[in-house]
Amino acid sequence: MPRINKTVVLALLIAASSVFLLFQLYYYRQYVSKHGTVSNSKAGQKGSDAQWQVVKKFLGLVSKYNLPVFLIDTAVLGLLPLDSTQQRDSQAEGPHCQTLCTHREFTTFALLAKLWKYDASLAQAAAERGLELLEVRGKDPRLVGLDDLSGTEIPLHFLFRRNGHAVHLVVFYERSGNYLWHGPLRLKPNMDRKFVPFRKLDFGRQAGAYDRPELVVASLDGLDVRIPRNISRFLSERAQARFLECRYRDARAFYQLYPDDTSPEAMDFRMKAKSLLHLAARTLTDLGVPFWLSSGTCLGWFRQCSVIPYSKDVDLGIWIRDYRPDIIQAFQKAGLPLKHKFGKVEDSLELSFQGLDVKVDIFFFYEEGDIVWNGGTQAKSGKKFKYVFPRFTLCWTELLELKVRVPCETLDYVEANYGPNWNIPVKTWDWKTSPSNVRENGVWPVREWDEVIQVY
Ligand SMILES: *[C@@H]1O[C@H](CO)[C@@H](O)[C@H](O)[C@H]1NC(C)=O
């Protein structure tokens, strides 16, 4: 009797899980057909088919050349279940193309340049498959710092076109700091401006930076395609991927006027600032707190693509809405004890952590109408200060081999803080009077001092 019971239970379990699986499959189909763009019209079907065909031809080429590509098309990824580790299988019967056919004029893939070797026969092989190829090159930013090599061009984008549909292949280069970068798509005068609707493309208007995604193979409409494992992460990175190159040429001009300090002290500071910046970045990133280079560290990046050796600390900005009380513990755990805490979450919060000889100052920024500001506090007098900036958005850049954010409108930010003469080094700096944007902001009431002035 117990034996039978076991068998029955097992059978029931199997039946139940199959029903669940079927339900999932059903739900997924429903989801795709509701959100997808499967059209019943003949014309739609034809367009779909052309889109599927160009992707199929492209994947044939990919497999022949062993191209390390993965799908980054925002419309297709947007149709797939997010964050799911399960097998993605939207195999359609017959000619139906449920996921890949977005009814857009293009489908976007990324090529991992590091794992790829340029082969000039690619164009010929593409042509044999009926794919017209347009290659768009641009400057290699990794060489811009080197006088004689700057201007070297590398392939940044490939477009494969067939029957009114295209595959846009964006080349992702690995840069120091271990992140992926793609360049902007800039057409040369002799190029066919109508090759694809360039303005509609998802990638290429601006340069972008990404963490290297983990990839999985998915079967989409009968085609095996590699896609980012965590789709929602990729899509949210994509929404704020804009990358700014440092102004290497201007930095060189700056160093012509003001030669770099190569004293042992300056070298030592640079090394310590670099490791402190990396440690602070890792700590904040683990907490999921976005930050950007502020004050002197931002000026150093903008003006000289480096840190200013006499600046003595590393300055970071964080939106107050991203504040988390465990930031302090996390820094302490990373070996950076709290040095001071000024202000409070509702007003003028500022944290400072002590590294090896160098400290990291974290300024919290408050949004108010069309300005943003951060606060300052003088410990001995309880005086408050306010530093006002025009609103800005955030971009990625690279500093000291780290992918890091800066205000995209960097000139406005730097000018607000340092005035129109920011390009001239100033070694004597008083944070209470020197900044162009400092305003006196009253005094903390004495009864609050214990809370808003903490020095360790
Ligand atoms: C995907 O990435 C997001 C962050 O963007 C994270 O919160 C989530 O846990 C990740 N999902 C998986 C399955 O790793």
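Colleague: What kind of model is it, and how are residues numbered?

Modeller: It is a predicted model, where local features need pLDDT of at least 70, side-chain atom pairs count only at pLDDT 80 or more, and totals for chains, interfaces and linings use all residues. Residues are numbered from 1 along each chain as its sequence is written, and side-chain values use heavy atoms, with hydrogens and water left out.

Colleague: How many helices and strands does the chain have?

Modeller: There are 11 helices and 20 strands. Helices (H or I, at least four residues) and strands (E, at least two) are DSSP runs, numbered from the N terminus.

Colleague: And how much of the chain is buried?

Modeller: Of its 456 residues, 49% count as buried. Buried means under 20% relative accessible area, exposed means over 50%, and partly exposed is in between (1.4 Å probe, protein chains only).

Colleague: What share of the contacts comes from residues 24 or more positions apart?

Modeller: Among contacts with a separation of 6 or more, such residues account for 70%. A contact means heavy atoms within 4.5 Å.

Colleague: Let's zoom in. How do helix 7 and helix 9 pack?

Modeller: Helix 7 (residues 264-287) meets helix 9 (residues 326-333) at an angle of about 135°, and their axes are 10 Å apart. The axes are lines fitted to C-alpha atoms, for helices over the stretch in contact, and angles run from 0 to 180 degrees between N-to-C directions. That angle makes helix 7 oblique to helix 9. Under 35 degrees counts as roughly parallel, over 145 as roughly antiparallel, 65 to 115 as roughly perpendicular, and the rest as oblique.

Colleague: Which residues make that contact?

Modeller: Helix 7 brings Ala-280, Thr-283, Leu-284 and Leu-287, while helix 9 brings Asp-326, Ile-327, Ala-330 and Phe-331. By class there are 6 nonpolar, 1 polar and 1 charged residues. Here Ala, Val, Leu, Ile, Met, Phe, Trp, Tyr, Cys and Pro count as nonpolar, Asp, Glu, Lys and Arg as charged, and the others, Gly among them, as polar.

Colleague: Is Thr-283 buried or exposed?

Modeller: Thr-283 counts as buried because its relative accessibility is 9%. Leaving aside neighbours within four places in sequence, Thr-283 is in contact with Ala-330, Phe-331 and Ala-334.

Colleague: New topic: which residues of helix 10 are buried?

Modeller: In helix 10 (residues 410-418), they are Thr-410, Tyr-413, Val-414, Ala-416, Asn-417 and Tyr-418. Their cover includes helix 8 (295-304) and strand 14 (359-368). Just after helix 10, Gly-419 takes a positive phi of about 80°.

Colleague: How does helix 8 pack with helix 10?

Modeller: Helix 8 and helix 10 pack at about 130°, with axes 10 Å apart. This makes helix 8 oblique to helix 10. The residues of their contact divide into 8 nonpolar, 4 polar and no charged.

Colleague: Last one: where does Leu-235 lie, and what does it touch?

Modeller: Leu-235 is in helix 5 (residues 231-239), and at 23% relative accessibility it counts as partly exposed. Not counting residues up to four places away in sequence, Leu-235 touches Thr-74, Leu-77 and Gly-78. Leu-235 and Leu-77 are 158 residues apart in sequence and 8.0 Å apart in space, C-alpha to C-alpha.
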